[in-house]
Amino acid sequence: MPETIRSFLSLAAPVTRHSSLITCLLCLLLGAAAGSSSAAQPRDNAITLYAAYRDGGSFIDATTGNKLPIEASGAGAISLDLGIDASRQLQLFVSRQSSQISVEQAGAPSGAVPGTLPLKVTYMHVGGTSFLEGRIGRGAYVVGGLGATLFEPGSEGFENELRASMNLGIGYQLPLGERMALRIEGRGYAILVNSSGGLLCSGGCTISIKGDTMTQGEVQVGLSFRY
């Protein structure tokens, strides 16, 4: 189990390095989960790698009131699932999207702002899965989690922002053998943005971004390795 924890943290490091608090929280939760999972049956724990497609989400130009949509794009995710009992798992989940904000719709004069603002959106959640048809590892399940979302703009004059968020979803797991399985999931995300202007801005920004609550949807296909 310690080796599994180290592997998960190394994969999550690119997003957790922005917040030592999040890193410490994940370490504590993983340690507690490692102890609680000792009562689970063999093969009730799993690491899953996902390929995903994420859509939805927009901010508001505080000056013009126009929407600044986040363009739909591919995403990647990883989850660590630790068995709690016969049908439930504790889940630590990280999903990362590289996209961009379309700013043409902001109504700014030509040349005043770039056509797009590169943006990475990363979810870091702690939650769980519950299988609806009996034991862990086969059939339909519901999934959910709470945590934080990291916005990383890729342009000068902007800075990273961390916001509270949650996810809810449903999936289906199809065993491919004793240790491997295919997971198909749909998840919805909700982010508490809570900004009246100046979101992502570190000074000298050419656009003023605001928002209250943002939602996104994601379809995922994952390969799960049970242990």
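Residues are numbered from 1 along each chain as its sequence is written, and side-chain values use heavy atoms, with hydrogens and water left out. Since the model is predicted, local features need pLDDT of at least 70 and side-chain atom pairs count only at pLDDT 80 or more, while totals for chains, interfaces and linings use all residues.

Start with the inside. The largest nonpolar core has 22 residues, and Phe59, Ile101, Leu119 and Phe151 touch the most other members. (A nonpolar core is a set of buried Ala, Val, Leu, Ile, Met, Phe, Trp, Tyr and Cys residues joined through side-chain atoms within 4.5 Å; buried means under 20% relative accessible area, exposed over 50%, and partly exposed in between, with a 1.4 Å probe and protein chains only.) Strands β5 (88-102), β6 (116-131), β9 (180-195) and β10 each put in at least two residues, and β6 gives the most, with four. Helices (H or I, at least four residues) and strands (E, at least two) are DSSP runs numbered from the N terminus. Setting aside neighbours within four places in sequence, Phe151 is in contact with Phe59, Leu119, Ile191, Leu200 and Met214, among others, and its partners also include Lys120, Glu161 and Arg163. Contact here means heavy atoms within 4.5 Å.

Next come the charged pairs. The structure holds nine salt bridges, each a side-chain nitrogen of Lys or Arg within 4 Å of a carboxyl oxygen of Asp or Glu. In one of them, Arg54 meets Glu218 at 2.8 Å, N to O. This pair ties strand β1 to strand β10 across 164 residues. Arg54 counts as buried because its relative accessibility is 0%, and Glu218 does so at 3%. Arg135 and Asp44 also pair up, with their closest N and O atoms 2.9 Å apart. Here the link runs between the loop joining β6 and β7 (139-153) and the loop joining α2 (20-36) and β1, 91 residues apart. Arg135 is partly exposed at 40%, whereas Asp44 is buried at 2%. Arg187 and Glu185 form another bridge, at 2.8 Å, and both are buried.

On the surface, Leu49, Tyr172, Leu174, Leu176, Met180, Leu223 and Phe225 make a nonpolar patch with about 610 Å² of accessible area together. Strands β8 (161-175) and β10 (209-226) are the elements giving two or more residues to this patch. Leu49 sits in strand β1 (residues 46-55) and is partly exposed, at 43% relative accessibility. Patches take residues with over 30% relative accessible area and no salt bridge, joining like charges within 9 Å and nonpolar side chains (Val, Leu, Ile, Met, Phe, Trp, Tyr) within 5 Å. Accessible areas come from the Shrake-Rupley method with a 1.4 Å probe; for residues, only the protein chains shown count as cover.
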